[in-house]
Amino acid sequence: MGKKNVALKVENVSMRFNLSAEKVDDLKDYVIKFIKRELRFQEFWALRNVSFELQKGERLGILGFNGAGKSTLLKVIAGVLKPTEGSVKKKGKIVPLLELGAGFDKQYTGAENIYLYGAVLGYSKEFIREKYDEIVEFSELGDFINVPLKNYSSGMKARLGFAIATVVEPDILILDEVLSVGDAKFRKKSEKKIRDMFDRGVTVLFVSHSLEQVKRLCDKAILLDHGKVLAEGSVEEVSKLYEQRMK
Amino acid sequence: MKKYLNNFMKYRFLLQELVKKDIKLKYRRSVLGLVWTLLEPLLNMLVLWVVFSKLYAKDDALFPVYILTGRLMTQFFSGATKSAMKSIRTNSGMIKKVYVPKYIYPLSSVLSNFVTFLLSLIVLVGVAAVLHVKPTIYVFGAIVPIVLLLIMSLGFGLILATLAVFFRDLEYLWGVFLTLLFYACAVFYYPSRVIKNGFEWIFKVNPLYCLIQNFRNTVMYGQGFDMYALVFSAVISFGSLIIGVYVFYKNQDKFILNI
């Protein structure tokens with residue numbers, strides 16, 4: 001495997017949060033606390049020197065207990081959070097299926113939201129117009145597409161979000177406990193869509209608590225604990241270690 | 001630089017969508033819809049005109065135009081800076097979940113206010129026509145104070161948006177400051193009395209008044225620019241924009257940790 005095929009390179013990424021017991025976020029408090037010298041900042045490192053590399057087409061499972069930093073890591077890779085230290089280099093179009101429908105407006109109809117959410121994801125107007133029918137069809141919303149989103153059920157919203165987010169051909173796909181959208185029938189359909197992407201050689205980052213799912217979908221894995229990478233390697237090795245730690 | 005430009009081009013459509021959403025949703029549920037954009041400044045002007053012209057018995061046929069020019073410009077500045085200031089907080093849900101260049105939020109707030117402002121200029125044209133204000137060639141000069149006002153609103157909007165993330169109560173302080181600014185802008189009185197009492201400096205240090213002055217010069221009085229007002233307001237506009245961009249850019253990665 002040549003250097004050319006690196007799809008994602010995470011280098012020494014550290015992420016620091018400030019966990020003050022009381023959050024100071026107004027001027028009055030700030031001045032008072034400043035005068036009384038009570039301004040305290042408590043640091044918390046959600047990620048510490050995380051490094052790994054993925055070749056194109058590799059599928060990485062991220063394992064770890066609650067609070068290990070899995071979601072933070074995905075957010076850093078997706079570009080939502082900027083790491084305090086280190087860097088993330090990615091090649092190609094990245095599709096984070098993290099929070100479907102971030103940017104939906106409740107008062108807008110489904111149709112209007114397709115354009116709005118598409119724009120949030122960085123699609124162009126022409127692209128959305130071209131894919132509009134495909135999105136509506138996949139979401140199975142029918143006439144509901146012209147109804148304001150506030151009247152949707154949560155399943156309908158999720159279906160629409162999924163349909164919009166997956167209409168592109170991603171190079172890197174980020175999945176967080178996914179494949180649980182909508183009813184059984186839709187779940188089957190969405191799983192198939194994701195599997196098709198797998199078959200086309202997309203690079204995948206997958207977070208799940210279900211070890212069985214990770215083993216089935218991924219070929220590589222890392223184990224995170226308190227923000228540090230404990231183990232990295234093939235999915236069998238790492239999940240064995242994870243199982244040991246579970247006991 | 002090229003990188004930023006490419007990124008802007010990529011999210012240009014989002015900017016357009018957000019501006020559209022702002023304007024659409026504001027009036028969606030009202031019967032009169034967009035007509036409110038025109039009606040509101042008109043009614044507002046009538047109130048000020050009745051109070052300050054009739055009750056104070058000031059007789060000047062052009063006074064309504066005088067009020068309206070000042071009113072529209074102060075209204076845009078306060079509306080734009082206020083919504084830009086809140087923009088990061090109101091969009092916190094989106095900011096936490098998906099990557100979008102963050103300046104899109106204050107920028108779209110300012111621009112949607114600007115679109116409403118441009119629409120409400122129709123009222124000004126109407127009132128001016130009814131009161132027989134003769135447009136001269138200088139009318140085209142009005143574009144200069146308008147563009148400077150847009151730049152200044154964006155500059156202050158960026159600074160305030162950044163500060164408001166860290167200091168929530170700034171919203172109230174800014175509201176108070178805007179009231180003060182409104183009274184210092186000679187919207188419903190003539191500056192001559194104030195100047196006579198030795199307070200000319202109030203207008204000299206007020207960039208918003210300087211813009212209103214030049215706007216009135218071009219649209220009402222058929223004159224060129226007041227040079228001091230032009231230079232001063234231009235310096236403040238571009239200065240605030242440069243500071244705004246710098247402050248916002250330096251702090252934008254910290255936003256998510258504070259909202």
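Which residues of chain B does UniProt list for "transmembrane region"? The unreviewed entry gives 31-51, 63-82, 103-131, 137-165, 172-191 and 227-249. Keep in mind that this is a predicted model.

**Stop 1: chain B spans.** Select residues 31-51 of chain B. Now select residues 172-191 of chain B. Here the end C-alpha atoms are 28 Å apart, with 65% helix and 0% strand.

**Stop 2: helix 3 of chain A.** Select residues 110-120 of chain A. Buried means under 20% relative accessible area. By that cut-off 11 of the 11 residues are buried, so the helix is largely enclosed by the rest of the structure. Among them are A:Glu112, A:Asn113, A:Tyr115 and A:Tyr117. Show the surroundings next. Within chain A, the buried residues pack against helix 4 (125-139) and helix 5 (154-165). From chain B, helix 1 (2-27) and helix 4 (92-97) join in. Then step just past the helix to A:Gly122, where phi is positive, at about 85 degrees.

**Stop 3: the sheet of chain A.** Show the strands in the order 5-6-7-3-8-9: an open sheet of six, with mixed pairing. Strand 5 (94-97) and strand 9 (228-234) are at the edges with a single partner strand each, so one side of each has no neighbour in the sheet. On average, neighbouring strands are turned by 15 degrees against each other, direction ignored.

Zoom in on strand 6 (172-176) and strand 7 (203-207), a parallel pair with five bridges. A:Leu175 stands opposite A:Phe206 of strand 7.

Key
Residues numbered from 1 in each chain as written. Chains lettered and ligands numbered in written order. Predicted model: local features only at pLDDT ≥ 70, side-chain atom pairs only at ≥ 80, totals over all residues. Heavy atoms only, no water. Buried < 20%, exposed > 50% of the residue type's maximum accessible area, 1.4 Å probe, protein only. Helix = DSSP H or I, 4+ residues; strand = E, 2+ residues; numbered from the N terminus. Contact = heavy atoms within 4.5 Å. UniProt positions renumbered as here; feature names shortened; annotations may be inferred. Pairing = 2+ DSSP bridges. Axes fitted to C-alpha atoms, helices over the stretch in contact; angles between N-to-C directions.
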